[in-house]
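Thanks for asking me to look this one over. My notes follow as numbered points, with the model first.

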Amino acid sequence: MIAGPSADLAQERSMNKTRILTGITTTGTPHLGNYVGAIRPAIASVSETNETFFFLADLHALIKCQDSEKVHQSTREIAATWLALGLDTTKAVFYRQSDVPEISELNWILNCFAAKGLMNRAHAYKAAVQANQDEGNDPDFGITMGLFGYPVLMAADILMFNAHQVPVGQDQIQHVEMARDIAARFNHHYGETFALPEARVDASVAVLKGLDGRKMSKSYGNTIPLFLPEKQLRKHINKIKTNLLAPGEPKDPDDSTVFQVWQAFADEEQTENMRREFASGIAWGEAKKQLFELINAELGEARERYNALLADTAAVEAVLQEGAAKARQLSIPLIQKVKEAVGIRPL
Ligand code: TRP
């Protein structure tokens, strides 16, 4: 007898492992905000009691970036970053989205279950329409079907592996809810097929501030790249905006980007010490020097591994291929099940 989808889901649940999955769009170079907000907690979440799936969302990258060399370079850098930071790929499944063709296949099928009206409400799409209207352009100007259907591809990423929890930033919660919606619709029509995913926004994880005090983000141009050479790292840290209080004048740690970044890298004792230093008027130059040393100590060894990995992309590629093979052990049977369910099967 062929086990139905619900039998398999039941089996997963009986194994009592939570499936955690998240994707990283391959545009740009990882920065300290990505590290603190996403990469570090993701790597820390790898354990025996859950199953973790992390992937390079290169198909998503095409929505935002049509510079071929940039997408390719970013994929290299992000893969090398996760490996350099110690992701255990014997425990986590680490792969490139485009190496799992079943995701694209599922994307199409889910497209047929995703209400257009639901997609109309997606924040990223709405923001693009709004920007067009503000500039007096046609509302559809420059908007591709890729952008419009972005949440469906994300649903395919998530549902393909029956993920239970999806760690994301605030801005992605809506997308995970859409994935849940689409899954529920499919299940309702064809019987239990997909697990219903939940977004997980970890309140204890800091949203790091950037050089200008706003959220560190590529779109604000205020980032500190993660693996800058020492000299440049020091330079960037020196550029963090401060007020004009002189050495000896007490400073408010809770109103300071330097302190906020410090906190993201320091243990409790170091944080308390720095709080006292602020109260007794530490000079900005000194606080920044100490901040550089703290960050450099945490990232120094990983930076060496990162540079070695960038010089040996064949090794990184091999790891990704192994990851894809593992991922496909799950995606191939699932897509078969889905196709069976919808009536696409041998005669
Ligand atoms: N859209 C996400 C972002 O820009 C990246 C992403 C793609 C993702 N697919 C995903 C995140 C699936 C979680 C699950 O941050």
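**Notes on the cavity and the aromatic contacts**

1. Let me start inside: Thr89, Ala92, Phe94, Val319, Glu322, Gly323 and Lys326 line the largest cavity. A cavity here is a set of points on a 1 Å grid over the protein atoms alone where a 1.4 Å probe fits but cannot get out, and lining residues have an atom within 4 Å of a point. Please keep in mind that this is a predicted model, in which local features need pLDDT of at least 70 and side-chain atom pairs count only at pLDDT 80 or more, while totals for chains, interfaces and linings use all residues. Residues are numbered from 1 along each chain as its sequence is written, and side-chain values use heavy atoms, with hydrogens and water left out.

2. The volume of the largest cavity is about 40 Å³, and the structure holds one cavity of 30 Å³ or more. A volume is the space filled by probe spheres set on the points, with grid points joined across faces, edges and corners.

3. Which helix gives the largest share of that lining? Helix α15 (residues 313–342) does, with four residues; helices are DSSP runs (H or I, at least four residues), numbered from the N terminus.

4. Turning to the rings, the whole structure has 14 aromatic pairs (Phe, Tyr and Trp rings, the six-membered one for Trp, with centres within 6.5 Å; planes under 30 degrees apart are stacked, over 60 edge-to-face, the rest tilted). Phe113 and Tyr190 make an edge-to-face pair, because their planes stand at 75°, with the centres 5.6 Å apart. This pair links distant parts of the chain, 77 residues apart: Phe113 sits in the loop between α5 (101–111) and α6 (116–120), and Tyr190 in helix α10 (residues 173–190).

5. Tyr190 also forms a tilted pair with Phe186, at 4.8 Å centre to centre and 40° between the planes. The two are four residues apart in helix α10, so about one helical turn separates them. Phe186 is buried at 0% relative accessible area, Phe113 is buried at 14%, and Tyr190 is partly exposed at 30% (buried is under 20%, exposed over 50%, partly exposed in between; 1.4 Å probe, protein chains only).

6. Elsewhere, one aromatic cluster is made of Phe53, Phe55, Tyr95 and Phe161.

Definitions and conventions: 1 Å grid on protein atoms, 1.4 Å probe; cavity = no way out; pocket = protein on both sides within 12 Å on 5 of 7 lines; lining within 4 Å.
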